[in-house]
Amino acid sequence: MNKSRGEDNFLNLPGFAARLYDSMMQTNAIRLTYQEIAQDLISRIKKGRLLDIGTGPGYLLLEIHKINPSIELFGLDISAAMVDQASRNLAEIKVDLQQGNIRATEYESEFFDLITCSGSFYLWDRPVEGIDEIHRILKDGRSAYLYETYRDIDKKILREIMRENLKSENLIRRMLAPRIFIKQLGMTYDKKEIKEILRKTRFANSYRIDDLTIVRLPVWLRIELKKYA
Ligand SMILES: C[S@@+](CC[C@H](N)C(=O)[O-])C[C@H]1O[C@@H](n2cnc3c(N)ncnc32)[C@H](O)[C@@H]1O
């Protein structure tokens with residue numbers, strides 16, 4: 001029986017599934033989500049190296065580049081098929097993409113000025129090791145920001161907001177997107193579980209969790225992990 005939280009499925013993801021995921025990411029509400037996260041992040045870094053963990057098709061990196069092209073971009077993903085997809089989507093910009101698991105990376109210690117991640121943390125089989133690896137590769141005095149959805153939320157309200165968000169989309173997207181999103185929410189942690197994980201990491205005394213509404217959806221958390229020297 002596969003006990004993976006989800007990363008194993010991505011490790012073996014076939015190319016067609018990465019392309020299908022990519023096409024779902026063309027939904028306007030999702031593109032706006034990347035734009036809002038990029039805006040939130042960009043105020044925190046003017047220049048330097050930024051890593052997006054679990055970058056998938058790479059759209060968050062693309063939005064960051066549009067706002068500030070001088071930031072050096074890095075993307076990591078466990079899935080070779082997703083890294084291929086990101087290489088195609090980011091062909092026009094300079095970005096260092098690597099296949100790998102955040103649990104143990106090949107980056108030098110204290111390498112990044114900012115580390116981010118959207119909708120990937122909940123899939124990691126060893127979240128404490130992943131978070132401690134973030135601690136190793138982040139520069140002293142800098143922060144990582146994980147943008148995650150959480151599952152203790154009223155699904156009825158969520159469906160109503162999604163109906164509004166998706167009303168300009170085609171029928172297939174209007175039908176599929178809420179199902180995929182609500183299934184994904186069911187796999188995510190609740191707030192208490194996230195705190196229990198963080199307390200076991202090197203950021204135990206230096207994390208902060210804020211509720212966020214992104215594209216009208218009040219299901220997001222911004223988890224800040226601050227590394228003190
Ligand atoms: C739901 S997708 C989100 C992709 C992208 N961040 C986005 O917002 O569209 C999760 C991504 O995390 C990657 N992933 C899962 N576990 C990982 C791990 N342990 N290390 C690195 N990447 C991982 C998957 O391959 C997948 O591309």
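A: Arg216 is exposed, with a relative accessible area of 52%; exposed means over 50%, buried under 20% and partly exposed in between, with a 1.4 Å probe and protein chains only. The model is a predicted one, in which local features need pLDDT of at least 70 and side-chain atom pairs count only at pLDDT 80 or more, while totals for chains, interfaces and linings use all residues. Residues are numbered from 1 along each chain as its sequence is written, and side-chain values use heavy atoms, with hydrogens and water left out.

Arg216 lies in the loop between E6 and E7. Its phi is positive, about 65°, although Arg216 is not a glycine. Val215 is found in the loop between E6 and E7 as well, and Val215 also has a positive phi, about 45°, without being a glycine. In terms of burial, Val215 counts as buried because its relative accessibility is 9%, whereas Arg216 is exposed at 52%. Helices (H or I, at least four residues) and strands (E, at least two) are DSSP runs, numbered from the N terminus.

H9 spans residues 191-199, and its buried residues are Ile194, Ile197 and Leu198. These three cover an arc of only 95° around the axis, which puts them on the same side of H9; the arc is that of the directions from the helix axis to the C-beta atoms. Lys192 and Arg199, on the other side of H9, are exposed.

Lys195 gives a reference point for two distances across the chain. Glu169 is 26 residues from Lys195 along the chain, and their C-alpha atoms are separated by 36 Å.

Lys66 lies in helix H4, residues 59-67. Lys66 counts as exposed because its relative accessibility is 53%. Its side chain is joined to that of Glu63 by a polar contact of 3.1 Å. A polar contact is a pair of N or O atoms within 3.5 Å; within protein, one must be able to donate a hydrogen and the other to accept it, and residues adjacent in sequence count only if both atoms are side-chain atoms.

Glu169 is placed in the loop between helix H7 (155-165) and helix H8 (171-187). With a relative accessible area of 7%, Glu169 is buried. Leaving aside neighbours within four places in sequence, Glu169 is in contact with Thr27, Asn28, Ala29 and Arg174. For Asn28, the side chain of Glu169 reaches the backbone nitrogen at 2.7 Å.

In helix H5 (residues 80-89), the buried residues are Ala81, Met82, Val83, Gln85 and Ala86. Their cover includes helix H1 (7-11), helix H2 (15-24), strand E2 (72-77) and strand E3 (95-99). Ser79 caps the N-terminal end of H5, with a side-chain oxygen 3.3 Å from the backbone nitrogen of Ala81.

The ligand remains. It is surrounded by 21 residues, of which the closest are Tyr34, Gly54, Asp77, Ser118 and Ser120; a residue is near a molecule if one of its heavy atoms lies within 4 Å of it. This shell divides into 10 nonpolar, nine polar and two charged residues. Ala, Val, Leu, Ile, Met, Phe, Trp, Tyr, Cys and Pro count as nonpolar, Asp, Glu, Lys and Arg as charged, and the others, Gly among them, as polar. A polar side-chain atom of Glu7 lies 2.9 Å from a nitrogen atom of the ligand. Oxygen atoms of the ligand lie 3.1 Å from a polar side-chain atom of Tyr21 and 2.9 Å from one of Ser120. Of the 600 Å² of accessible area that the ligand has on its own, the protein covers 96%; accessible areas come from the Shrake-Rupley method with a 1.4 Å probe, and for residues only the protein chains shown count as cover.

Methods: Contact means heavy atoms within 4.5 Å.
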